[in-house]
Every structure is written in C-alpha cells, then in structure tokens.
Amino acid sequence: MIETEARDGAGGVHAAGALHVEAEPVGRSGLLARLGIPFNVALVLPAQLTIMVVVVVPTLIVLWLAVTDWQPTQDLAWWQAQFIWFWNFNDLWYDQRFINALIRTVFVVGVCIGVELSLALALALLFVEEWWWKRLAVSVIILPMMVVPVDAANAFFMLFNDRGPINHMITVLIGRPFTFSWLSDPTWAMLPIMLCEIWQWTPLMFLMVLTGMMALPQNQVRAAVALGASPVRIFRRIVLPLLMPVIGIAVLIRSIETFKIFDPVYILTRGQPGGATETISMYMYNGAFVYFRMGYIAAAALIVLVLVLSICIALSKPLKRHT
Amino acid sequence: MKRLFNGIGPSRRDVLKAGATGLAGFAMSPLLGRGAHAEQWALKNIHETAAAKAKELAGSRNVSLKIMQPSGSLGNVKPVGDLWTKATGIPVHYLEVPLGEINQKVLLEAVSKSGSFDLALPATFGIPDLAESGILVNLDKYAQKYEPTDYQKDVLYTIGDYYKGSLYGYQTDGDTYLMFYNKDWLDNADEQKGFSDKHGYALKVPDTWEQLDAMMEWFHRPDKGMYGGALFRTQYFIAWEWWGRFHAKGFYPLADDLTPQINNDAGIAALEELIAASKFLYPGARTNGLFENFEAFGKGDKFADIGWGGTQKFLNSDKSKIKGRLAFGDMPGGMVNGELLRTPYFNWGWNYVVSSVSPDPEIAYLFSLFACSPVMSTIAVRDPGGYFDPIRGIHYKDPQIQKTYTEEFLVAHKHSMINSIPDFYLKGQGEYFDELRVNIAAADAGTKTAKAALDDCAASWERITRRMGKRSQSVQWHFLKANYPAGIRDRLK
Amino acid sequence: MPRRLAIFLRRMAVVVAMVIAFFPIFWLFSTLVKPYDGWAAWPPVWISDHPTLQNYRIVFFPKAARAFAAKQSGSLDYKVSGSAWKAFEDSAIISTCATFLSILFGTLAAFSIVRFRTGGPNYAFQFLTVRMMPPIAVVVPIVALFSMLRLADTYFGMILAYTAFTLPFSIWMIRSFIEEAPQELEGAAMIHGMGQMEAFIKVTLPLVKGGILATALFIFILNWSEFLFALVLTSGNVVTVTLQVANYVSASSGKLYGVQAAMGAISTLPVILFGYIIQRHLVRGLTFGAVKR
C-alpha cells in the first residue's frame, strides 16, 4: 500500500480499535525541568540547533550580504562590508548571465525530468511481467544511481572526449571519422551534462514508477481486461491516473534536485565554454569563488531561494489535495 | 633589438629601482637601502645561511611549514622541502589543490583564515588580487633583513614578484611564451627558394607576426597533410596570442589615465590578423587543450607551435616524432616606426608567497629564500615531470636541464625570458582577461566584428576599473608600466 | 505480432537498458587498467591488450609506483601527487561521524515529532526546506560563518555541515519507519510501568532498527558522495575522495585519465556496495519517506 506524504506533520497510523496512548509532553526532572524545557522539545534540540547553525544563521547572513557589496578580496570582513541598498538586485535584473543561467537551469530541469520520466515509464512497463533473470536486470539498471556523482561525471568526461568511445561509435555508424569536441562546443556542451544526469537518475524514477505499478489494485486492471480493453487504453485510463501520486512526488522531488545540479557541470565544463553551460548553481559558484563578488551572489541566492520555495509551496498544495 | 644574453645586462633590481623612483609621489622603493645583514649573506651559499637562520628562529619550538601547491608540482617542491627539513629540522607538509584552483583557494583563505598553509604557490597573475585581499605578507621587511643584494640579479624575470613596489613572492618558473618551428621544413632548400621568390625575404625563424602568418599560409597544405600552425584558438589561450600581437604593434593596453587602448586601430588590426591566421591552423586549434597540442605538434606535420618550456619537455621526449628537428624563436614582434620591436610575453609563472595567517611568516620567508636560491632552484627545475622551467641564468648551464630541454632550446628560452613583457598584473586580472577572452573568441568565431568585440571589451574594462578603484589601479599600473623591460618600455605608447 | 517475437523484443529492450546503465562503469574500469598510451588514443582502446596496475599503484602505493616507473621507461611519471590514503581516511572519518550524528539527532527528533507532535503539524516540513534550496545559496555565508568560528577546513566543520544537510533525510525516513511500527506495543509497555523514552528504546527501536540501519547507510552514501561543500570548505588540510580525483593532473600529461579512473572506480565501490544492501529502501530514502514498498 503506497502512502504518500499528504498528512500533517505528526500524524500516526492507528489500527482500528487499538489502545491509543496519546503521549503527554512530560518534563523530566533534573536539568531540563529546571531550564523549563519540556522533554519532547529537548529531543528535537540537537537537530534543530544543528540546522540553526548551519542553515538558519547563514540564511540570515545572506539577507545581510545581499544588500552589501562584500568582496572579501578587498580585505574586509563580512560585517564591515559596504551597505549598498538594493543595487545588487538592480544589477541582477540587468545581468544577462544570471538570467541566462536561470533559464538554462529551468530548461535542463524540463528536459531531464521529461526524458527521465518517459524512459522510466517505458522501462517499468517492460518489468511488469516476470522472467527468470528479472532481478539481475533490475540490479544492473539501478547501478547508475549508486555511483558517486563526481565519478559518474568523470566517466562521462572520458566518454565524450573527442577521441572517446561515443565518437568512436558514431564514427563506425556513419562511416567517416567523427571527432567532435562535445565539451568545447557552446551549443552542444550541455548534452553530455544532461545525459550524465539522465543516466544517473532515470533508475530512480524507474524504481518509483515500478513500485507504484506493483502496488496497483489488480482488480481494476483485471476488470478492464475482462471487458476487452486494449493495453493502451488500460494504461492511459487506469494505470496512469492511479500512478499520478507517485509520478507527482517523483517529478517534484527530482525537479528540485535537478534544479540544484552542480557536480556534472563542474566536472564536465565548469560552465564553459564562455558560460554556455552555466546552470544557476555554477553561476553562483563562479561568481562567489572565482570572482569573489559574494555580496552580489548573496542577492542572487536570495532570489533563487525565494523562487524555489514559492514554487515548492505552490506545487505541494495541489499535490496534497490530489492524494 | 640586441640580444641581452648571458646574464650580463641590466639586473632586474636596477630596472625596478629605475621604475620605482620614476613614480611621482610614490614612497621610496623598498629595494633601496638593504640592511646591513644582507651584505653579510653571500649569494652562493644563501641556502645554507637561510636554513641556519630558520633553524635558529625555530629554536626549540615545534615549528612546521605547510605549503599549498598546485597538483602536479610535487616533483618541483618536495626535493627542496626534504633538503630543507634535513638542514633545519623543520618538517614540511604539502597540501595539494588542483592547479586551476590554487589562486582561488589562496583567495578563499583571505575569507576563511583557517591557517591551512604557511606558504603557497599561486600563479603569478593572481598576486595583485591576493595582495589586495590581505592574505599575502608584504615581504619587504624580511627582504631587507635577509635578501642578498645580488639575489635577484640572476633571475631573468622578476616583474611578477612585486606589486605596487613591494615584494610579495619569488618567481620559481620560467613561463615565457615562445615559438617552435619544424626545422626540416624551414631548412628545406626548395621551400626556401619558393618562399623567397614569392615574398621577397628569406624563409627563416620569423621576426614579425606578418612573417609568421605568411609562413603559416605558405606551409598550410591540408590536402597533403601539412598544416601551417598548431597555435591555439580555444577561448582560454586565444587572448594570449592577441596580447602578443597587440603589444608588437607598439601599444600598452591602457593609457596613463587607465583608458583602455585595446580597441584602438592597432588592437583591431591585431585581432583581424589573428582571425585571418586562424585559416592556417590545424583543425584541432579551436578545441584542443595544452596536452593535445603537444601531441598534435609532436606528429611533425605542422609548421609552427607556441608554448612554454613544458611544451619542449614533451617535444624532446620519446613520445614526440619531431624530437631533434625543431627550431625555436621568440614570439614574433612587429615593425614600429620602421624598426623591429620584439615583445616576448611571460604569461604564467608560480611564486612562493607567505600567508598572513601563518604563525611563522619569517621562517616561511626564509624557506622561499632557500627554495629560490641558485642551488635549490636548480634542483627544483631539474625535475622533468614538474612545472618549473629555467628561471635563473645558472639553470641554463646545468647538464641535466640541458639534457631535458636541449641547449638550442635553452638559448631561445633565455632570450625570450630576458625581454618578456609582463602579464596584466592588476587587481581583477581574471575579470579583465575573461572579457578579453570572450570577446576575442566571439570575433574569431565570427559572431562579432573585431571592432565591436574590442569596443565591448574596452567598455567592460572601464567598468571593471571603476569597480576595482581607479586610484588604486592607477598606482599599480604606473608601477607595472615602469617595469616593462627597458628596451621595450620606451617604444610602447 | 507473434507472441514470442514480442517477448524477445521486450527482453532485448531490457538488455539494451542494462548495457547503457553499465557502460560508463565499464569504461571507468577499462580505463583503470589502461597504460598511459591508451588513455586518449584514436581509435579508442576499449579493452587494453596490455593492462597495467600502475594507475592503481599511483593512487594507493606511490612508492611502489615510483619503483615500477623507474624500471620501465615510458611509464607514467609518478611524482604527480601524494597518496590517496588521506582522502579515504578523511572521507571515512567525516562520513561516519556525520552519519552517526545525523542518525542520532534524527531519531530523537523523529521520535519527538511522531509521539509528541512537537512543533505542530508543519514542523517536519521545515527540515524539508533545507533540501529544497540549492546548497550553493548558503555556502557563501557558511564559509564566512565557519571562518569566524574557526571551523573552516576542519573535520568538525565538515561533519557539522554534512549532519545538517542530511538531517531532513534521517528525520523523514526514520519518522516513516517509526510510524509503521505499531504504537500499541509501546502503550502496553508504558502501562507496565516503563517511561515513554524507555518504552521507545526497548520496544519500538528494535522493531525499526533495520530501517534505521538502512537510513544510516543511505546517509553514509550521501556524505561520501558529497562534493560542493568539500570543494568550498576545505583548503587541503581535509581532503575527501570526491576532491582527490581532481588532483590527478600532471605537468606533462594533463588529466591523468587512468589514475582518475582508478580513484573514481575505487572510491565509488563502497557506495555501490551499500546501495545494493539497502536497495529496498532507496526509493523511500530519496523521496523522504513518501514512497514506500
């Protein structure tokens, strides 16, 4: 039975008629009681504090940095940086490279998710039946998602070398030498990056869709078959709608992760040639750690944070409703 | 242009002194008035005295030195480090970072101040940014105490060691950009006759870019498997060739008031000639990186290549088919006011710098004094697998080094080193050059005209200068201008 | 279409998928044993006819590599880098400690959220937002903050950062496991006099320990594979396996493909191993407990 996370934050599953003991937040004796910290709060404190230090405080610092022109290369500490009102945001509005990075990232997310999902659905359909080496097949197919992303990217670097196996295979295919330098071409350099991402994460989509398909109520499908519906119709009218929750989650989570894409871009091109493969993470890395314009990039980071969070919140509501 | 050959000639120090005192209103050059100590420290055993002094300073404390070095340079650094430890008892630890990252890592240290290294080997063109960020120790006070008067005399390129008149690190690597030619083709009598008949001058190692371009055109016969040149048209390298072509026309990149001159007629002409020459390059010119370039030229089917000592290390190895059949020359120059002007170009280099977070900057400085001493630097340069190319006059006489590079090459290398113009040592060098790279590459690809590309670049340069602080940049620019090699300085406008 | 042909074609499609999935890994291992001249040869060398262990030696046993290179002319120069042991050690230390902390904090927090509804209905969602933002967005202030706290390029700093960024996974995954465990058993134990916490530890925890172990391995995989923080928060004192690959560059030979392949292939092995062990839980983990088998 698939349970999709549409509930509130702390719901529990209660078996009907079982004894249900509602836990009372009890303050234990000793230090916690004296500090007035209820026991349940104390339990979340370590996690909460870690998040505060590593995530919350830095986010607050981003708010400050975004309105300064902090460039550490000017021998200034970050709290001494020059306050410049909203000029960073103004400059970002006109910064073609930033806008391009955003658009490019959205494009990458769209293409990668689209391809991953299609391949995953197609593959999952191949796996609904049983055959003797099915488990081996699944194990091999999910191998890509268990490779360290940096090593996968390095492998793809070697594959797409202008004297690598991909070009070799194309050479054999078209009958004349093909030594195209994928990673140096502004138009095509994005392809190896996207292929690396697709190669690595299609197996995850595949697993999720497969899990979803395995858990479909069989009686609906059987009824449709008995009524003489064609496989295509069954797929479109029964299977796909029932898979929607799983697909929804898969698409949402993978979209967020793909939006953050960094490792393949860094290893394969660093955003070169000339910024042609700069995704938003690469843009921010270059801006902050190559050009050291950290105040400016903090403003960019703020814009990205707001964008991502609002889209997530906007999308998660219909998702909650759907399930 | 006279060949200033064997270390006899104006010493770097004299040149810098002249430059520094030429600055109006600038503080006294730190190079004048070295302290009494330095006179007692002779150059020939400076490595011993520096080590002894470091040992004395360390005393009974538990001192160690951490050096951040670019990956691949361990062979240059470790032998010297081991000898240091033997002489001083101070252990050395090596932190390796990818060579494309080291400047950023040192700059990052200005932010994080983690104390992860005492010394680092950043690329020379990053020193202005590093100095401005406060992460580098100004070494003047230590140099005054310890540097022998003739320490830098034998070093053929020291411009990058100084920023706004102060010393920030000693050069370790002779990265002058020079030319390689297919000697068989050059010496071929038929080719020589045919060429001189057509062009009216002899086929030999070219003096000017015009001649080089003509020769590359002459030899470019792709249907016969011969190519004019293996020069670079990748975005990263292309700007360096343009820099050379531009200076050869007799101009500085900036006027005295920091207005860019790169988009003047000379700049546009230089770019157009570069684009025209692209036709005579081998197909991989637009995509191949450094090592593919070595292999490609090593096949022996191309006329000209451009590179560094590292290129020669490959071309002189068993992996190259052209071994022993090479001619060498400075980067070509140009005719300015009827006379030949050569502007060889030093476009990389690694300097030993001292971190301002280091607990023992004085000892760290003494290490750099040790490592760049005549004896120790020779040991470092000897490593065939590392980065360091000859930088001191005595390196050229070392038999092992001669064997790696060939004597013929060393003659050309030394000549190129002595007269090398510096890179654009200003704060924000990376940004300036990136603008140059993007625009020049666009012009070469045909998406912009040469004029538009350089105009856009000049406009960006003005913005960058404003952001970096015009006054600060002006101080360094005038210092830098005054330190261009003596013979070239007066001929550039 | 005849049924057997259709089945055959479907199986072939699966085989094609398997080949595509496996091919880059194959290439890594094939390059691992290639000597220098095979790295960028044309046509490319698919399976080397004179395989060598030199790449592997350079990564793990530089001294042996040196000895080998001294004997064999034309062999790759060996002085390119220090050994990779430090990278493996540092990665192991950081990944293990960060995993441990993440699981510990995560279990406590998950327990509190499930049993006490701490923080209200949307509390757990806050942890999810940590994973929604691109890490690069907070990396700049983290660098500034860590340097102020003297945590830059330290083990503790890295462990702290890794713990924070895997907490969403540990909290949500363990939460889903705890929710699956029947609550009545705890209730029964409490009626018999155990305290809430004691009941949890003695009754529920053993039931979910398989899930927690799976979560631990999952988080270990995430920590071991992490790249961005390692890139930005370290300056050579701490080196992780993901960074070490980029160190294999030499003056005369450029990117040392074979050595990089060796480093990459070997450093990815633990991840592949753990991944297969927790195969069943991978989907749950990567969807924050939303999708379970």
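1. In helix 3 of chain B, the buried residues are B:Ile46, B:His47, B:Thr49, B:Ala50, B:Ala51, B:Lys53 and B:Ala54.

2. What do the buried residues of helix 3 of chain B pack against? Their partners are four helices of chain B: helix 4 (74-88), helix 7 (140-146), helix 15 (361-371) and helix 16 (374-382). As for geometry, helix 3 covers residues 46-58 of chain B, 13 residues in total, and spans 18 Å from first C-alpha to last, close to the 18 Å expected at 1.5 Å a residue.

3. Stepping back to chain B as a whole, I count in 22 helices and 14 strands. Its C-alpha atoms fill a box of roughly 75 × 50 × 40 Å along the principal axes. The radius of gyration of chain B is 22 Å, which agrees with a compact globule, because 493 residues packed that way would give a value near 23 Å. Buried residues account for 57% of the 493 in chain B. Of the chain B contacts between residues at least 6 apart in sequence, 75% link residues at least 24 apart.

4. How confident is the prediction for chain B? The mean pLDDT of chain B is 88, and 92% of its residues score at least 70. The part to treat with care is residues 1-36 of chain B, where pLDDT stays under 50. The model still gives that stretch of chain B 52 contacts beyond four places in sequence. Where pLDDT is low, the predicted coordinates should not be read in detail, and I'd keep that in mind when looking at those contacts.

5. Of its 323 residues, 45% count as buried in chain A. Among chain A contacts between residues at least 6 apart in sequence, 66% join residues at least 24 apart.

6. On confidence, chain A averages a pLDDT of 83, with 88% of residues scoring at least 70. Which helices of chain A mark the lowest and highest confidence? The lowest is helix 1 (residues 31-35) of chain A, at a mean of 69, and the highest is helix 6 (residues 149-159) of chain A, at 94. Residues 1-27 of chain A have pLDDT below 50, yet this stretch has 53 contacts in the model beyond near neighbours in sequence.

7. Chains C and A touch through 90 residues of chain C and 88 residues of chain A. On the chain C side, helix 1 of chain C gives the largest share, twelve residues. By class, the side of chain C that touches chain A has 62 nonpolar, 21 polar and seven charged residues.

8. Finally, chain C splits into domain 1 (3-71) and domain 2 (85-286), with C-alpha centres 31 Å apart. Their contact takes 13 residues from domain 1 of chain C and eleven from domain 2 of chain C. On the domain 1 side, helix 1 (3-32) and helix 2 (54-60) of chain C each supply at least two residues, and helix 2 of chain C has the largest share, five residues. That side of domain 1 of chain C divides into ten nonpolar, two polar and one charged.

Notes. Residues numbered from 1 in each chain as written. Chains lettered and ligands numbered in written order. Predicted model: local features only at pLDDT ≥ 70, side-chain atom pairs only at ≥ 80, totals over all residues. Domains from an automatic or database assignment. Contact = placed C-beta atoms within 7 Å. Nonpolar A, V, L, I, M, F, W, Y, C, P; charged D, E, K, R; others polar. Rg over C-alpha atoms; globule rule 2.2 N^0.38 Å. Buried ≥ 20, exposed ≤ 12 C-beta atoms within 10 Å, placed from the backbone. pLDDT = per-residue confidence, 0-100. Expected span 1.5 Å × (residues − 1).
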